[in-house]
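Hi,

Here is the structure I said I would pass on. Have a look at it first, and then read on for my notes.

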Amino acid sequence: MSVLAEAAGLSAGYGGVAAIEEVSFRVRPGERVALLGPNGGGKTTLLRSITGEAERISGSLRVSVPHATVPQTERSRLDYPVSALDVSLMGSLAGLPWWRQPGRRERATAVQALERVGMVQLAGSTFGELSAGQRQRVLIARGLVQEARLLLLDEPFTGLDASSSERLETLIGELATEERGILIATHDLEQARRWDLVVCLNGRQIAFGPPGEVLDLAVLEATYGGAIVEIPGNGGMGILPPHHHHRP
Amino acid sequence: MIGPFSDPIMQRALLEVTLVGVCGGALGCWVIFYGLSYASESLAHGLFPGLVAAALLGLPLLLGAGAGILVAALGVAVASRIPGVGRNVAVAVVVTFLFGLGVLLALSPASPPGIQGLLFGDVLGASDTDLALSGGLALGIAAALWLLHGRLLAVGFDRAFARSLGISAAAADAAVLTLLAGAILVGVQGMGNLLVVAVLVGPAATARQLSSRMAPMMLLSVAVAVLAGAAGLCLSYYAGTAAGASVAAAFVAAYLLAAFSGRTALPLTVEELP
């Protein structure tokens, strides 16, 4: 089976200072890979090293297919005068020379992508007026228009209500079955357990592998710095959110 | 509104206002969303000594203004490299220095009378050469905006994404600034050094109240600029007020009308880009 992206002993960061070290992982078609780690643990840096926004300091990183980022939408300006279709259409600029505007064919592709993510009814809506989950789906459509085979999602579930989360997760599952690889930075451990692989990051890589094998208490404590609690009754584990973290 | 425009002078003024309106109105939308309102005011004021020098030497005003913009841009670029001087401070220092220099030249006893008019513009006094040059520039600006539309839109929306597509955000900024310099050149003669910013910001801010899509906003902004410009000329014709100032006042009136008409498409505040 082909490999979409592969890192071996990767250190990456900004201005020569590493934010993540010793990262080794692999994404193959059809795989959903969760990036787990605390805030500042290097999840975004890992995604940015794939896009080239963070610099590779040592080790190797090979990305062999077109990729697209689905950023956290607060980065996009919500007062910007564009529709969902305009945003989806932006994905087509990758394949056009600078003097050419997207034409009828590109528009059809952009509409198709919105259809794929279930947003075609809202194609004419202003992007900033959509809900957080709808904006995520529009940005995924933009990635599909780019013909990306590796999708990089940076905490796409943040700020989503339960039903939007569920819809987004279903969509991610469907996109993976279409021979895409999907890297998803997330804070939701239970979600990560449902996916194919996890990368645990806390400045350096703690673990990589299938969640069932990798996610034990020792790995989680190393990843989140000890703030792990067992949830009584269901046998699962939870991460203690930082604002509940009391130090003596 | 037809009456005043049977006068050939007023017809030329209307043509001038239309050219200024097309450039300023369309580009103004990008000025707003790229956070360049301050930059446009600075460029306009910074080119003043060039304008005055051209008038004193009897050269085409457009030529002087072009040289003035180059000097101002160079000055800002050099000053912002001085350690400990932020870009805003550098812009403020260079621009006030240049503007002061221009005023000093314009108001010196040796200057011919009427040169102060450069501050407030002379929309009624455009020569054939001026109109032809402005027309050419306006055409170039409109064509560039049409060609670059998709890319400017992508960069303004999400710079990191644009970079990932291989679109340079810095090149987009430079393109908008270059076009801005061009639009100021078109507008500065008619509107004057102090009022040219009005055509770059007023109609676009008005259109922003009424539309939430870039392309319609730009068309609306051009329409507002041309119509308000014509209204300002009429006001000047009947009330005997200064033409440039009347046009600027009409832009402000259009903005207030749109702002208080109760239909706000988007929030008023626009954050400046870092």
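Chain A is built from eight helices and eleven strands. Bear in mind that this is a predicted model, so everything below is read off a prediction. Of chain A's 248 residues, 44% count as buried.

How far can you trust it? The scores for the model are ipTM 0.83 and pTM 0.85. For chain B, the mean pLDDT is 86, and 95% of the residues score at least 70. Within that chain, helix α10 (residues 214-239) has the highest mean pLDDT of the elements, at 94, while helix α6 (residues 117-120) has the lowest, at 79. One stretch to treat with care is residues 265-274 of chain B, where the pLDDT is below 50. Even so, that stretch has 16 contacts in the model beyond near neighbours in sequence.

Now to where the chains meet. Chain A puts 21 residues into the contact and chain B puts in 22. On the chain B side, three helices each supply at least two residues: α7 (128-157), α8 (159-164) and α10. Which of them gives the most? That is α7(B), with eight residues. Sorted by class, the side of chain B that touches chain A comes out as 14 nonpolar, five polar and three charged residues.

Helix α4 (residues 61-79) of chain B packs against helix α5 (residues 87-106) of chain B at an angle of about 140°, and their axes are 8 Å apart. At that angle, α4(B) counts as oblique to α5(B). The crossing of α4(B) past α5(B) is right-handed.

- from α4(B): A72(B), G75(B), V76(B) and A79(B)
- from α5(B): A90(B), V91(B), V93(B), V94(B), V95(B) and L98(B)

What classes do the residues of this contact divide into?

Cheers

Key
Residues are numbered from 1 along each chain as its sequence is written. Chains are lettered from A and ligands numbered from 1 in the order in which they are written. This is a predicted model: local features need pLDDT of at least 70, side-chain atom pairs count only at pLDDT 80 or more; totals for chains, interfaces and linings use all residues. Axes are lines fitted to C-alpha atoms, for helices over the stretch in contact, and angles run from 0 to 180 degrees between N-to-C directions. Helices (H or I, at least four residues) and strands (E, at least two) are DSSP runs, numbered from the N terminus. Angles under 35 degrees count as roughly parallel, over 145 as roughly antiparallel, 65 to 115 as roughly perpendicular and the rest as oblique. A crossing is left-handed if the near helix is turned anticlockwise from the far one by less than a right angle, and right-handed if clockwise. Two residues are in contact if their C-beta atoms, placed from the backbone, lie within 7 Å. pLDDT is the predictor's confidence in each residue, from 0 to 100. A residue is buried if 20 or more other C-beta atoms lie within 10 Å of its own, exposed if 12 or fewer, and partly exposed in between; C-beta atoms are placed from the backbone. Ala, Val, Leu, Ile, Met, Phe, Trp, Tyr, Cys and Pro count as nonpolar, Asp, Glu, Lys and Arg as charged, and the others, Gly among them, as polar.
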